[in-house]
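Thanks for coming, everyone. Let me put the structure up, and then I'll walk you through it.

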Protein chains: 2
Amino acid sequence: MASPAHCTAVPVSEIRWSPAEKSAARKAFELALDRELEATIRQVKHTAAKIEEPSGLWELERWLTERRTGIERKYDYRYSVLPLVFATLLREGRLTDDDLRGLGQDKLEAIRRAARW
Amino acid sequence: MASPAHCTAVPVSEIRWSPAEKSAARKAFELALDRELEATIRQVKHTAAKIEEPSGLWELERWLTERRTGIERKYDYRYSVLPLVFATLLREGRLTDDDLRGLGQDKLEAIRRAARW
């Protein structure tokens, strides 16, 4: 019996990354992380400037904790999950297709598949 | 054998607080807490405005956690520890002697004793 079409792609864990692709991936990863951290810095300045009540202090504390744990969880550089990480970053607008130049078609296809999950 | 002079005072746990003294104590307690929270709001605005690096985000998070737990620990309204709480607040400059008007001599003496610890 022939495999269904959606099962013919190489599993993500078996994708091989060339040195040039690893370099491009690392660059895109760091670019998105920098953008997200810069956005977080802008947001914390904006939020803190508007605090008027003590409850605002502890809301800011909780928000920072959520930001820190969320960022730690999202930015996972293992190659076995990197297509999913890039799919998330594309969906969130932290990366554009252009930022992923340098990745081969198999990686771009794996990212597109992950984006459909 | 006569008790040493420093043992003649009524133990803090046995001090009786009149309704008027309880009201004065609550007022001073809330005043100090409001001042400390307002100072924390001013400080968080000042600190956040100066953040330039991502590390500053997580330092601010840690500082807010320390402030929250420190404030929760310090502002303990049990009458058995209130003289010690007021002694701390006087030492930190969050209360003045004038803010404690309305407390009887036995309470003021207990606060002075606590301040010497």
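**How the two copies meet**

Start with the interface: 100% of the interface residues of chain B are also interface residues in chain A, so the copies meet through the same surface. Keep in mind that this is a predicted model.

Now, the symmetry. In general, a rotation about an axis and a shift along it relate two copies of a chain.

Next, helix H4 of chain A, residues 105-115. Which of its residues are buried? A:Lys107, A:Ala110, A:Ile111, A:Arg113 and A:Ala114. Around the axis they cover an arc of only 160°, which puts them on the same side of H4(A). Remember the general rule: an α-helix has 3.6 residues a turn, so residues three or four places apart point the same way. And what do the buried residues of H4(A) pack against? Two helices of chain A: H1, residues 19-49, and H3, residues 82-91.

Stay with helix H1 of chain A for a moment. A:Ala49 lies in it. Is A:Ala49 buried or exposed? Its relative accessible area is 54%, over the 50% cut-off, so A:Ala49 is exposed. Now find A:Leu95. In sequence, A:Ala49 and A:Leu95 are 46 residues apart. In space, they are 29 Å apart, C-alpha to C-alpha.

Key. Residues numbered from 1 in each chain as written. Chains lettered and ligands numbered in written order. Predicted model: local features only at pLDDT ≥ 70, side-chain atom pairs only at ≥ 80, totals over all residues. Heavy atoms only, no water. Buried < 20%, exposed > 50% of the residue type's maximum accessible area, 1.4 Å probe, protein only. Helix = DSSP H or I, 4+ residues; strand = E, 2+ residues; numbered from the N terminus. Arc of directions from axis to C-beta. Contact = heavy atoms within 4.5 Å.
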